[in-house]
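Dear colleague,

Please find the structure below. A short account of the findings follows it.

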There are 2 protein chains.
Amino acid sequence: MAEPLAPGAAIGILGGGQLGRMLAVAASRLGLRAHVYDPAPDCPAAQVAAAATHAGWDDAAALAAFADAVDVVTYEWENVPTAALDAIEAVVPIRPNRRALAVSQDRVAEREFLGGIGLTTAPWAPVGDAAALDAALAGIGCPAILKTARLGYDGKGQARIMAPGDAAAALAAMGGQMAVLEGFVAFEREISVIAARGLDGAVACYDPGENVHEAGILATTTVPARLSPGLRSDAVLIAARILNALDYVGVVGVELFVTRAGLLVNEIAPRVHNSGHWTQNGCAVDQFEQHIRAIAGWPLGDGARHADVVMENLIGDDILRVPDIAREAGAAIHLYGKAEARPGRKMGHVNRVRAKS
Amino acid sequence: MAEPLAPGAAIGILGGGQLGRMLAVAASRLGLRAHVYDPAPDCPAAQVAAAATHAGWDDAAALAAFADAVDVVTYEWENVPTAALDAIEAVVPIRPNRRALAVSQDRVAEREFLGGIGLTTAPWAPVGDAAALDAALAGIGCPAILKTARLGYDGKGQARIMAPGDAAAALAAMGGQMAVLEGFVAFEREISVIAARGLDGAVACYDPGENVHEAGILATTTVPARLSPGLRSDAVLIAARILNALDYVGVVGVELFVTRAGLLVNEIAPRVHNSGHWTQNGCAVDQFEQHIRAIAGWPLGDGARHADVVMENLIGDDILRVPDIAREAGAAIHLYGKAEARPGRKMGHVNRVRAKS
């Protein structure tokens, strides 16, 4: 195994949104320098990074110079163009690896990977055309949900099919892209596990959080989750199986449905995850630092939870509530430095902290 | 009272060391932009600030441009030259105010201020020459300690006088500067209170921490401190009296001696303080954010402690222990991005966190 990166080494971060911003701050706590790559000059991460490159994803010269300037590259976003990744990987390692990216960029690949390692998901079928959709609906039944295979997030690129008559409109909403039909799952709640794997193969998991979504976007995550000890350990084992199968290095977010039959995997994100933001105020080492430790070859940190936390996303006009939240006891505010509050845009979050129950 | 600064506003920070660095990160969490002023191009704070000016303290043009570019100015260091402060204050408010700075820059002024508001310190006398030192020693007795009135920190500019025969050498060590003779205090322990006062006059205090020094430099701070409920409330009242008397805005660090006769004030620092670093991992709002909130006109945050913490400074070669500390359970590492580990140089700190006892 390579030596851990020493103080002063540079961490390249592809994407300069809020996740990149919080990764940059975590890198600084370890004495490392964040270098952000993002086309937008005033992106959130550049405001706290030691260096920034503002260039397009197709700017070969800028990508090469960026790769030369850093010691390892990671990403806050799973849809970085393949050609950009190729250019960077010719110079410097990318962590988590390309396989993890490929699997999570495409719902078909993700479902096949999960099934291949023996994990359960909602019933699903790939859908390329109307005939495939009809066949998939015949097998899975209604209600079901059609999702684009690529580039979906926060509820975008999805269409519900409550009855067979909705099928044509749902398929049209995919805009000709490859899609996946998923059966509805009668779940009691959604949880997520934020887990990490080090360069040495060690695995560490945070306490699972319980998620509530509104309009397809994460609204809150609560720790501790309402979860039996058995399911808690199942959740950890599922995350570890995914990490090991991918020879993964870094933090992963695994969304799980809690059902009567046990846990189903909903989605994996090969990066720090919104449902792990609570770790900033509940653990000695948060998910952002854990990710930086992993990709920098440091030992994984202690993710033990020392407080109870409810994380609430501040979306769009929620930002107007900040003056009130600032007066609340136990409220830790994290804003992202975005100038404009558009509907559905994540502007910040608040971690409400209490002594551990 | 003025409106609180809105997201996107700029906080000017004079001095780019580790305190400025942690202030800059705290500002970012509130959606504010840190603009650091420091002569050193690669100072710790510039690595995490949205903007930086690297120019001398006597560069009138740079100071004016800096003042124009920000909405409020604060400092991480109480020895910013007066002329620089004058240039800035002509353009933009400086918080904490100039009186707080003047009092803490000069031990004579500090002692007079503290006595004037009825607070107890060690016995002291100003010393300008050998005759004054003899007279002071006659009143205070030995052992005693002679300290330069200005620019002393971390045990520098101090000389012990164990017996009258040490007086001449001690005076010579002052290099002709105005000094203060202080009597030794038989104290059980040293504590410090990190307190804050908002622009609206509200006062908030963190739980007092118990400090241990080595070779004149803070080594550890432990919360909770061993302190009776009565002394705990005395400590808070002392801090509040200081803040109100100075019409202070921001965070202050007050070092106190615990003696059989009660609390004595040792020193006040008009800024975030090393002994308050534990708040980063023990409170929803840490001292750095509390300071930014105060100077930005935000409501003060909740400083309630939700965990037990021992803060240890990493000084000089202590940085070599980081790989081991990184494997410890409950250890939160905070490094400062300094390239060179010189003896006595503060390179970082570690907060060891446990669930609240």
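A salt bridge joins the side chains of B:Asp42 and A:Arg33 (2.7 Å, N to O); the term denotes a side-chain nitrogen of Lys or Arg within 4 Å of a carboxyl oxygen of Asp or Glu. Across the interface of chain A and chain B, the rule finds two salt bridges.

This is a predicted model, in which local features need pLDDT of at least 70, side-chain atom pairs count only at pLDDT 80 or more, and totals for chains, interfaces and linings use all residues. Residues are numbered from 1 along each chain as its sequence is written, chains are lettered from A and ligands numbered from 1 in the order in which they are written, and side-chain values use heavy atoms, with hydrogens and water left out.

In the interface, 40 residues of chain A are in contact (heavy atoms within 4.5 Å) with 40 residues of chain B. The area buried between chain A and chain B is about 3,000 Å², with carbon and sulfur atoms giving 55%; buried area is the accessible area (1.4 Å probe) that two parts lose on being put together, summed over both.

A:Asn281 is buried, at a relative accessible area of 9%, where buried means under 20% (1.4 Å probe, protein chains only). The residues that A:Asn281 touches, not counting those up to four places away in sequence, include A:His334, A:Asn351, B:Ala284 and B:His306.

Yours sincerely

Key
Buried means under 20% relative accessible area, exposed over 50%, partly exposed in between (1.4 Å probe, protein chains only).
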